[in-house]
Amino acid sequence: MKSALETSIRGEVRISVRNLVEFILRSGDIDERKKGGGDLESMLEGARIHRMIQSRMGSDYHAEVMLRQSFAEEAFDIVIEGRADGIIYKDGFADGDPVVIDEIKSTWKDVERLSGPEPVHLAQAKCYAYMFARQNELPEITVRMTYVNLLNQQLRYFHETYTVREITAWFEALYSSYKKWAVFEYEWKQLRNRTAGELPFPFPYREGQKELCAQVYQTIVHRKKLFIEAPTGVGKTVSTVFPSVKAVGTLKADKLFYLTAKTITRTVAAECFDILRDKGLRFKTVILTAKEKICFQEQKSCNPEDCPFAKGHFDRINDAIYDLLTHSDSFSRESIEEYAIKHQVCPFELGLDMSLFSDAVICDYNYVFDPNVYLRRFFSDNPAGNYIFLVDEAHNLVDRAIKMYSAELFKEDFLTVKSLVREVDHKLSRALDTCNRKLLLIKRQTEPGKARVFSDITELILALNRVYARLDDFLEEQERFEKREELLDFYFRLMHFINMYDNLGDNNYVIYSEFGDDGRLMLKLLCVDPSENLKQRLTKAVSTVFFSATLLPIRYYRDMLGAEAEDYAVYAKTVFDEKKRGLFIASDVSSKYTRRNELEYRRIAEYIRAVANSRLGNYMVFFPSHSFLTRVYEQYTTCFGEEEEELLCQKSSMNEAEREEFLASFEKARADGERSRIGFCVIGGIFSEGIDLKNDSLIGAVIVGTGIPLVCNERELMKDCYEKKGLNGFDYAYRFPGMNKVLQAAGRVIRTVDDIGVVALLDERFLSASYKKLFPREWSSYEVLRLATKEDQLSEFWTLV
């Protein structure tokens with residue numbers, strides 16, 4: 001279902017044919033055993049085959065016919081619309097000439113095994129049949145369902161003829177079931193728009209905040225993208241949400257998506273909407289929670305035999321939606337779980353469905369940008385929706401997008417899957433063996449420790465398609481196969497690889513192989529520049545606002561996140577007093593590989609000790625790696641012992657309870673008589689961003705090194721690719737991503753305009769021009785630290801503040 005209903009200024013409620021039938025006519029169980037993923041077709045390939053079929057149908061075949069039917073209600077019109085794949089008729093509709101509605105569906109399944117059309121597919125075609133028959137006063141009309149196999153292009157047809165009385169009675173029943181939803185939506189949006197128009201800004205404006213709100217609103221009006229560098233003290237959440245709500249209220253958009261990478265920022269966004277509701281706004285919001293977190297079952301098995309919430313889910317889900325919809329405006333995780341238990345439905349699916357009727361969807365980046373899990377109900381049908389995207393902590397999206405749009409396969413997995421199915425499906429076994437042989441050729445061309453780049457893997461892709469098609473059939477037929485979960489994991493990784501290959505751009509991808517540390521051969525489609533992929537997703541919104549406290553250098557993020565030349569960028573003003581932050585740069589230590597020795601580790605330990613001794617409090621130190629952390633920690637305890645300060649170390653792997661315990665240690669300020677606490681952490685890790693330690697909870701951050709990623713085959717390939725684009729390869733592959741980690745780690749200290757703290761950068765490279773030009777404006781003043789005078793320099797800062 002693409003979106004919730006859309007209300008226009010003329011009193012219309014619109015819904016697409018596909019959305020209508022998929023919402024009203026669903027029934028039965030959730031049963032992922034029957035999906036196998038085969039219905040997740042390659043959109044590009046499917047569209048190509050649709051056009052091919054349409055072009056072969058002759059002069060009486062009218063392709064891509066837009067149909068629209070309006071129904072007058074008391075206060076508004078309900079408009080149902082969609083695009084029929086094809087309608088077969090002779091001009092003039094001579095008596096006796098048949099009229100056929102053709103609905104084309106592409107699939108990886110063997111079409112000869114289909115026993116009939118999918119009910120939802122048929123219902124979609126019947127809606128088109130009703131509209132066309134009514135508008136052209138036809139006595140009867142035929143529906144043809146055309147299924148085409150994506151691999152061999154084999155066709156299978158299913159025909160059904162209806163009298164106008166039959167098709168009208170069927171459609172009127174469908175319309176009657178839908179009407180209450182349209183009435184509710186229309187009345188709700190009248191209330192929403194009125195309260196949005198009357199809504200005042202919830203706080204006194206800080207300096208520059210009103211101008212920032214205006215810039216966001218104007219960006220939406222002009223349907224552009226905006227990049228905001230928003231340092232501490234700006235109030236970036238309310239400064240982007242408030243004007244977006246205003247834009248929805250004035251019909252500039254119908255829904256906004258608040259996209260984040262961290263749970264904590266989703267909570268902050270939800271609290272912002274609560275504040276606006278306290279000021280009189282009526283605005284429905286939902287927070288989407290990952291399935292593994294919200295599922296009620298210990299074992300995540302989505303089928304009616306293993307999960308009581310899956311059994312009969314679709315028979316009860318619409319009642320659950322209407323109940324929650326009419327009793328709350330904030331669809332939090334807790335309320336979704338409450339109503340899921342009340343109606344015995346899946347909480348994850350209930351959350352997704354509530355997004356259809358929400359004015360704001362607060363969710364992870366994945367739900368918009370990930371090619372495998374994006375919300376198809378909003379983004380799969382039409383090229384654009386009436387949406388606003390607010391992308392919080394937007395610096396995270398670059399790495400996330402590179403991972404989303406890359407794909408990898410391992411040769412050894414084909415042998416593993418072959419061993420699982422060898423005795424059950426000989427055709428699938430042979431197809432897997434063919435792929436393994438082709439991967440063996442790649443293996444022989446790959447040297448240990450080196451990456452082997454390939455320009456063409458077409459033959460392998462053809463073989464992978466055959467495996468995929470056969471595996472799709474196997475999963476459909478073998479619902480109770482003992483090793484089904486292992487096959488599904490392989491199936492989805494294979495599907496992702498094939499889909500990403502179809503999306504390759506000339507300069508945005510590198511195809512390479514290399515051996516992993518475990519000796520396995522990996523073949524990877526590496527997305528080095530996700531901008532084109534992101535642009536395709538960004539077209540789904542009327543406007544996108546990217547914002548972060550560390551969106552520097554702005555040209556790097558514009559390049560990587562898909563900006564157009566006419567898009568906007570602003571540096572938001574902050575009211576934070578720079579004198580409350582002491583920025584120190586050490587001139588006589590470095591994390592360079594050539595400098596890594598026991599003497600350098602000791603010097604770094606001395607700096608850490610000086611920072612922690614300058615004032616009683618909580619401190620975090622961020623290192624380039626766990627091994628570097630360990631060496632400095634050993635030097636620290638050897639030289640200074642463990643009695644003077646309380647020392648905590650981030651482990652290489654920590655479960656959720658361990659992470660929470662570590663973080664809880666820093667949530668209270670140190671009191672007289674206590675020791676300073678020092679957390680030894682890894683930069684770019686779980687504690688270097690996304691944590692919110694306000695006031696005196698954290699008064700200092702020490703950052704060891706420049707944060708650049710480790711040199712490896714993949715980073716070197718990225719560097720080469722950027723240089724071929726005419727960019728500075730080292731900057732784009734190493735320096736800019738590294739500096740962002742530094743800025744994020746430093747940002748843990750100052751969380752509010754009232755905070756006071758120190759940031760110490762322990763690497764002499766920060767004093768070079770190539771790094772200083774990357775400093776944010778609020779880092780204009782800094783002091784150079786030296787081992788001989790470090791204690792006095794740090795003490796002076798605390799004395800002055």
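Predicted model: local features only at pLDDT ≥ 70, side-chain atom pairs only at ≥ 80, totals over all residues.

**Stop 1: α15 and α16.** Select residues 411-421 for α15 and 426-444 for α16; their axes come within 9 Å and cross at roughly 160 degrees. The two helices are therefore roughly antiparallel to each other, and their crossing is left-handed. Now show side chains. From α15, the residues in contact include Phe414, Leu415, Val417 and Val421, while α16 brings, among others, Leu428, Leu432, Leu439 and Leu440. Lys411, Glu412 and Lys418 of α15 take part too, as do Asp433 and Lys443 of α16. Colour this contact by class and you get 9 nonpolar, 2 polar and 5 charged residues.

**Stop 2: α1 and α3.** Jump to residues 17-24 (α1) and 119-135 (α3), where the axes are 9 Å apart and the packing angle is about 130 degrees. That angle makes α1 oblique to α3. Which hand does the crossing of α1 and α3 have? It's right-handed. On the α1 side, pick Val17, Arg18, Val21 and Glu22; they meet Val120, Ala123, Gln124, Cys127, Tyr128 and Met131 in α3. The contact has 7 nonpolar, 1 polar and 2 charged residues.

**Stop 3: the second largest pocket.** Centre the view on Gly233, Gly235, Lys236, Thr237 and Arg751, the closest to the pocket's centre of the 44 residues that line it. The volume here is about 1,100 Å³. Highlight α6 (236-249), α7 (263-278) and α25 (729-746), each of which gives two or more residues to the lining; α7 gives the most, with 6. By class, the lining has 18 nonpolar, 12 polar and 14 charged residues.

**Stop 4: the cavities.** How many cavities of 30 Å³ or more does a search of the whole structure find? There are 2.

- Start with the largest cavity, at about 110 Å³. Its lining includes Ile30, Lys291, Cys295, Phe296, Cys302, Cys307, Phe309 and Cys346, and by class comes to 10 nonpolar, 1 polar and 1 charged residues.
- Then select Ile287, Leu288, Thr289, Ile294, Ile336, Pro347, Phe348, Gly351 and Leu352, which line the second largest cavity. About 40 Å³ of space lies there. Helix α11 (residues 347-355) gives the most to this lining, with 4 residues. The lining has 7 nonpolar, 2 polar and no charged residues.

Terms used. Residues numbered from 1 in each chain as written. Heavy atoms only, no water. Axes fitted to C-alpha atoms, helices over the stretch in contact; angles between N-to-C directions. Parallel < 35°, antiparallel > 145°, perpendicular 65-115°, else oblique. Left-handed = near helix turned anticlockwise from the far one by under 90°. Contact = heavy atoms within 4.5 Å. Nonpolar A, V, L, I, M, F, W, Y, C, P; charged D, E, K, R; others polar. 1 Å grid on protein atoms, 1.4 Å probe; cavity = no way out; pocket = protein on both sides within 12 Å on 5 of 7 lines; lining within 4 Å. Points joined across faces, edges and corners; volume = space filled by probe spheres on them.
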